[in-house]
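Thanks for coming, everyone. I have one chain to walk you through today. Please look at the sequence and the model on the screen.

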Amino acid sequence: MDIFKQYATSPKLEQEGKEFDFGGGVTMLIARSYNATYVRMLNKQFEAHKHTLELKDTPEQVAAAEDRSNKIMAHVMAHTVLLGWTGPVDYDGEPLPYSI
């Protein structure tokens with residue numbers, strides 16, 4: 001068995017994503033998490049917010065650091081992993097178009 005042929009991934013698809021069928025006419029374009037773009041953007045965001053993320057002397061600072069970290073992760077994932085979708089996606093009964 002050729003390990004590379006059996007288990008290697010496509011660097012192009014890791015970055016640009018692959019469409020996955022979720023049923024009901026919904027497809028999502030998903031790139032590999034921790035792809036090169038993800039890592040670069042995450043590092044840039046954490047560096048830009050380093051002061052807030054490192055201050056944890058008070059409960060308020062801990063809360064602010066956690067909040068900022070969650071916002072950074074959502075931002076980076078939205079821009080580098082979940083790259084789009086088609087079809088009828090709803091959230092709590094309301095149509096949810098893809099947007100960043």
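Aspartate 21 stands opposite threonine 27 in strand E2. Strands here are DSSP runs labelled E of at least two residues, helices are H or I runs of at least four, and both are numbered from the N terminus. A word on the source: this is a predicted model, local features need pLDDT of at least 70, side-chain atom pairs count only at pLDDT 80 or more, and totals for chains, interfaces and linings use all residues. Residues are numbered from 1 along each chain as its sequence is written, and side-chain values use heavy atoms, with hydrogens and water left out.

Back to that pair. Strand E1, residues 18–23, and strand E2, residues 26–30, run antiparallel over five bridges. Pairing means that DSSP finds at least two bridges between two strands. Two residues sit between E1 and E2 in this hairpin, and glycine 24 takes a positive phi near 65 degrees.

E2 has another partner. Strand E3, residues 82–86, pairs with E2 in the antiparallel sense over four bridges. There, leucine 29 has glycine 84 in E3 as its bridge partner.

**The whole chain**

Now step back. How many helices and strands does the chain have? Five helices and five strands. Along the sequence the order is α-α-β-β-α-α-α-β-β-β. The radius of gyration, taken over C-alpha atoms, is 18 Å, well over the 13 Å that the globule rule gives for 100 residues, so the chain is more spread out than a compact globule. That rule is 2.2 Å times the number of residues to the power 0.38. The C-alpha atoms fill a box of roughly 50 × 45 × 20 Å along the principal axes.

How much is buried? Of the 100 residues, 17% count as buried. Buried means under 20% relative accessible area, exposed means over 50%, and partly exposed is in between, with a 1.4 Å probe and protein chains only.

Next, contacts, meaning heavy atoms within 4.5 Å. Among contacts between residues at least 6 apart in sequence, 46% join residues at least 24 apart.

Charges next. The chain has 10 positive and 14 negative side chains, and the centres of the two sets lie 10 Å apart. Lys and Arg count as positive, Asp and Glu as negative, while His and the chain ends are not counted. The charge is placed at NZ of Lys, CZ of Arg, CG of Asp or CD of Glu.

Start with tyrosine 34, in the loop between E2 and helix H3 (36–48). Tyrosine 34 is not a glycine, yet has a positive phi of about 65 degrees. At 60% relative accessibility, tyrosine 34 is exposed.

Aspartate 92 is in the loop between strand E4 (90–91) and strand E5 (94–95). Phi of aspartate 92 is near 55 degrees, positive in a residue other than glycine. Aspartate 92 is exposed, at 74% relative accessible area.

Now glutamate 47, in helix H3. Glutamate 47 is exposed too, at 53%. C-alpha to C-alpha, glutamate 47 and glycine 93 are 38 Å apart in space, and 46 residues apart in sequence.

Last, histidine 75, in helix H5, residues 59–80. Which residues does histidine 75 contact, leaving aside neighbours within four places in sequence? Met41 and Gln45. Histidine 75 is partly exposed, with a relative accessible area of 31%. Histidine 51 is 24 residues away from histidine 75 in sequence and 18 Å away in space, C-alpha to C-alpha.
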